[in-house]
Amino acid sequence: MSSPDKYDFGMIGLGTMGRNLLLNMGDHGVKGAGFDKDASKGELLEKESTHHNLKGFSDVKLFVESLNTPRAIMMLVPAGKIVDDVIAELLPLLSKGDILIDGGNSHFTDTNRRVDELETKGFHFFGMGISGGEEGARRGPSMMPGGDKDAYNVMKPILESIAAKVDGAPCVTYIGPGASGHFVKMVHNGIEYGLMQLIAETYEILKKGLKLDNAEIGKIFTKWNEGRLKSFLIEITKDIFAYKAPGTDHLLLDDIKDEAKAKGTGKWTSQVAMDLQAPIPTIDTAVSMRDLSKYKQLREQAAAIYSKDEPSLSVNKEEFLVALEQAFYFNMIISYAQGMQLLARASEEYKYDLKLDQIAKIWRGGCIIRSEFLNDIYNAYQKNASLAHLLLDGHVHDLVAAAVPGARKVLTATIAAGIATPAYASSLSYFDAFRSKRMPSNLTQAQRDYFGAHTYELIGKEGVFHTQWVPKSND
């Protein structure tokens, strides 16, 4: 029963994402309550509330009591044990039929467990991936809710109102049962890892290979963002190449230590991809390169031992930049294609019944991996919902065929010059193996049978076989 002096929605965790998401709701007429143990965060929420319809609490019992029933509460707290601790603290204060939403980056296996546990206790629960960072949360994120469909339908009007909009369509949709929402967000982040590594390698090529200064590099990213490479990540990259810290005469970028941190979603994507036997080498490479970056002292020692002339590309600059744009476009397509195939495999294995066209559609706005190319992905799966792999789509084939010569030209040059471009290399090798009618895996099977009697199959003959590859000694 709704009460005028109570609040329609509750948010637990008033950090950057939680506060901005609640402010977004407040802008759309939602009367919301926010809880954080740090009372100053609740005060900041109230101060920033445009319509003065948001209230901060630092007492969880008063927070819960302030909500209309059935209550709808979202948690935006760090993944892991903290989520379980918050749920355990909330449950004695809640009533059956209340809705709990985990809006953090929880591992999907944890979400599976929580879905089952809370359902048996009479609560509605769903996990929802949210992408877009601080600005997305405040002005319109992309959201990936999965789990209890009835609970989602209750929340649907609010979520659609605060989501990013592309061509008038909200960037939120029901993903599927169980932990599908968090799974899709995890893969989103894996694709993000791949794209970020590709951009970093492009920076390396421009700086070390072509010896361009920061202003020239910034102009290239700006130009790319005006064409088919238009995307959030290219857009913020051009901004980074224009930013100087107050009082300095050089880019802040040049002062940042070359050690990349990670919160785990990329690693989780690689791990589950191996479990599902869905190869995503571009994403795997991106995870590995973040890990390698952390060994700065070791890298400095190796640089001293293996010192050599500064790498340089002996190429025609203008022609090479054309090829580099093609190469990046090709590699970007491969990163998305690998992520989409992982989603297809997971949908089959976990019975998620994912609608890949709708996932591509909600990724077109609000989220970190939004790009012009997502329209092509959306169209491909709209045309054929059972498309086995994005690279088999006719239009995508044409895009790849036109871009792959640039990928080969760039990689040939960077390898010869000794410039590290591992994600570029992984993408092209994946593509060349994917388009191979016959891979050399028959030799792998022969070896496995030789040393471990693991057997093999034969072309055009049913059954499994084993060979004694060398005669047994009579001694």
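**Pockets and a cavity**

Reply: In this predicted model, the second largest pocket holds about 1,100 Å³ of space. Of the 42 residues lining this pocket, Met 17, Gly 104, Asn 105, Lys 185 and Lys 263 are the closest to its centre.

Me: Which element gives the largest share of the lining of the second largest pocket?
Reply: The elements that give two or more residues here include α1 (16-27), β6 (124-131) and α11 (265-275). The largest share is six residues, and the element supplying them is α8.

Me: And which element gives the most to the lining of the largest pocket?
Reply: The largest pocket has a volume of about 2,000 Å³ and a lining of 43 residues, with Ala 200, Tyr 203, Glu 204, Asp 258 and Ser 293 nearest its centre. By class, that lining splits into 22 nonpolar, five polar and 16 charged residues. Nine residues of the lining come from the element that gives the most, α8.

Me: What about the largest cavity: how many nonpolar residues are in its lining?
Reply: The largest cavity has about 60 Å³ of space, and α14 (317-350) gives the most to its lining, with three residues. Two lining residues are polar and one is charged. The nonpolar residues number eight.

Technical notes: Residues are numbered from 1 along each chain as its sequence is written. This is a predicted model: local features need pLDDT of at least 70, side-chain atom pairs count only at pLDDT 80 or more; totals for chains, interfaces and linings use all residues. Side-chain values use heavy atoms; hydrogens and water are left out. On a 1 Å grid over the protein atoms alone, a cavity is a set of points where a 1.4 Å probe fits but cannot get out, and a pocket is an open set with protein on both sides within 12 Å along at least five of seven lines; lining residues have an atom within 4 Å of a point. Grid points are joined across faces, edges and corners, and a volume is the space filled by probe spheres set on the points. Helices (H or I, at least four residues) and strands (E, at least two) are DSSP runs, numbered from the N terminus. Ala, Val, Leu, Ile, Met, Phe, Trp, Tyr, Cys and Pro count as nonpolar, Asp, Glu, Lys and Arg as charged, and the others, Gly among them, as polar.
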